[in-house]
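Work through the exercises below with the structure open beside you. Try each task before reading its solution.

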Amino acid sequence: MPERNVFSWTAMVTGYTQAGCLDEALRLFKKMPERNVVSWNAMIAGYAQNGNFDEALRIFREMQLTGLKPNSVTVASVLPACANLAALRKGMEIHDSIIRRVFQFDIFVWNALVDMYAKCGSIEQARQVFDRMLKRNVVSWTSMIVGYAAHGFGKEALQLFEQLQLSGIKPNNITFVGVLCACCHAGLVDDGLQYYNSMMQDYQLSPSMEHYCCMVDLLGRAGHLEEAEEFINKMPIKPNTAVWGSLLGACRTHANIELGERVANHLFELDPENDVYYVQLSNIYAAAGLWNNVANVRKLMKDRNITKFPGCSWIELNNKVHAFVTGPITHSIRGNL
């Protein structure tokens, strides 16, 4: 490093975070003799983009303690961390203390805010932010549509999609994932097929694995299991575990043992160590009273050394997200629960 200044240090930190070498990036970051907002942003964004959302929030809090003012990149990086941790209170704090005073006209920040509220399940607040936006792009519309769809507001998602079409903004692939997901939750099979065809014919968008998965889910939820299997068999790309997994879930819902066995075999080939598929097949057998088959599945899991992973839930308390799993009580605040 011929010239050691804040820019060269930050460039090195950014390079390490982009390569996923977060420990090395943090080591350099701590050694920096001087840090500016770009330096802090590099660490916050690096942690968030690599899925280490707790650390992203921790670095952001450290930045606040220094008195350094965040910019739009800071906020747009830290809000997704709040969203993925469902840390609604922290996201609201950022909204109240920073955005309303500083970034009223920054569309990237407002998009991140809509996404944060939606992913945290606060759909009404997401819509309030969306309605107050002075300018919207396809990300703004998509975030709200996907938020509605993910939380079961299928009709609201489709109504908003119709408004998007009238606005003149062209939807993208992610928009249609939200639209098809909305059709799933609302049970609108015919509408889903229409939107799926419109995506290709009207907007020249090629379906991705997410779209195929939504279509299988749409058909499966409605009980059209044979159509869903036929749809999978006609896919131009090899279906992944998400696609087959959607159909296996539908087989359980509609008690289709024969198809469930076929689908489970596909999943055992694709991901033989995933406990979820064995448990789902076992549940299909159990619902039908086929206890010998249940025992066979459990034996297969034992032979393959596959154990069922415990369930997990989390709560936000005092600006920190706490995770809990089933089984022995090991949480550090167990005495206060």
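**Before you start**

The model is predicted, so local features need pLDDT of at least 70 and side-chain atom pairs count only at pLDDT 80 or more, while totals for chains, interfaces and linings use all residues. Residues are numbered from 1 along each chain as its sequence is written, and side-chain values use heavy atoms, with hydrogens and water left out.

**Exercise 1. Describe the protein as a whole.**

Solution. 
- Step 1: The secondary structure consists of 18 helices and two strands. Helices (H or I, at least four residues) and strands (E, at least two) are DSSP runs, numbered from the N terminus.
- Step 2: The protein has 337 residues, and 44% of them count as buried. Buried means under 20% relative accessible area, exposed means over 50%, and partly exposed is in between (1.4 Å probe, protein chains only).
- Step 3: Take the contacts with a separation of 6 or more; 57% of them come from residues 24 or more positions apart. Contact means heavy atoms within 4.5 Å.

**Exercise 2. Find how helices H5 and H7 are arranged, and which residues join them.**

Solution. 
- Step 1: Helix H5 covers residues 72-85 and helix H7 covers residues 107-119. Their axes come within 8 Å and cross at roughly 10°. Axes are lines fitted to C-alpha atoms, for helices over the stretch in contact, and angles run from 0 to 180 degrees between N-to-C directions.
- Step 2: H5 and H7 are therefore roughly parallel to each other. Angles under 35 degrees count as roughly parallel, over 145 as roughly antiparallel, 65 to 115 as roughly perpendicular and the rest as oblique.
- Step 3: H5 contributes Ser72, Val75, Ala76, Leu79, Cys82 and Ala83 to the contact, and H7 contributes Phe108, Val109, Ala112, Leu113, Asp115, Met116 and Lys119.
- Step 4: Sorted by class, the contact of H5 with H7 has ten nonpolar residues, one polar and two charged. Ala, Val, Leu, Ile, Met, Phe, Trp, Tyr, Cys and Pro count as nonpolar, Asp, Glu, Lys and Arg as charged, and the others, Gly among them, as polar.

**Exercise 3. Repeat the analysis for helices H13 and H15.**

Solution. 
- Step 1: Helix H13 (residues 209-221) packs with H15 at an angle of about 10°, and the axes are 9 Å apart.
- Step 2: H13 and H15 are therefore roughly parallel to each other.
- Step 3: On H13 the contact is made by Met209, Cys213, Val216, Asp217, Gly220 and Arg221, and on H15 by Ala242, Val243, Ser246, Leu247 and Ala250.
- Step 4: The classes in the contact of H13 with H15 are seven nonpolar, two polar and two charged residues.

**Exercise 4. Describe the aromatic pair of Phe161 and Tyr195.**

Solution. 
- Step 1: A pair of aromatic rings is described by the distance of the centres and the angle of the planes. Rings of Phe, Tyr and Trp (its six-membered ring) pair if their centres lie within 6.5 Å; planes under 30 degrees apart count as stacked, over 60 as edge-to-face and the rest as tilted.
- Step 2: The whole structure holds nine aromatic pairs. In one of them, Phe161 and Tyr195 lie 5.5 Å centre to centre with 85° between the planes, an edge-to-face pair.
- Step 3: Phe161 belongs to helix H10 (residues 154-167) and Tyr195 to helix H12, so the pair links distant parts of the chain, 34 residues apart.- Step 4: Phe161 and Tyr195 are both buried. With Phe176 and Tyr203, they form one aromatic cluster.

**Exercise 5. Describe the surroundings of Arg136.**

Solution. 
- Step 1: Arg136 lies in the loop between helix H8 (123-132) and helix H9 (138-150). Its relative accessible area is 27%, which makes Arg136 partly exposed.
- Step 2: Not counting residues up to four places away in sequence, Arg136 touches Ile107, Phe130, Asp131, Trp141 and Ile169.
- Step 3: Arg136 lies over the face of Phe130, at 4.3 Å from the ring centre. The charged end of Arg136 also sits over the ring of Trp141, 5.6 Å from its centre. A charge sits over a ring if NZ of Lys or CZ of Arg is within 6 Å of the ring centre and within 35 degrees of the ring normal.

**Exercise 6. Is Ala255 buried or exposed, and is Asn256 buried or exposed?**

Solution. 
- Step 1: Ala255 is found in the loop between helix H15 (241-253) and helix H16 (257-270), and Asn256 is in the loop between H15 and H16.
- Step 2: Ala255 has a relative accessible area of 58% and is exposed. Asn256 has a relative accessible area of 19% and is buried.
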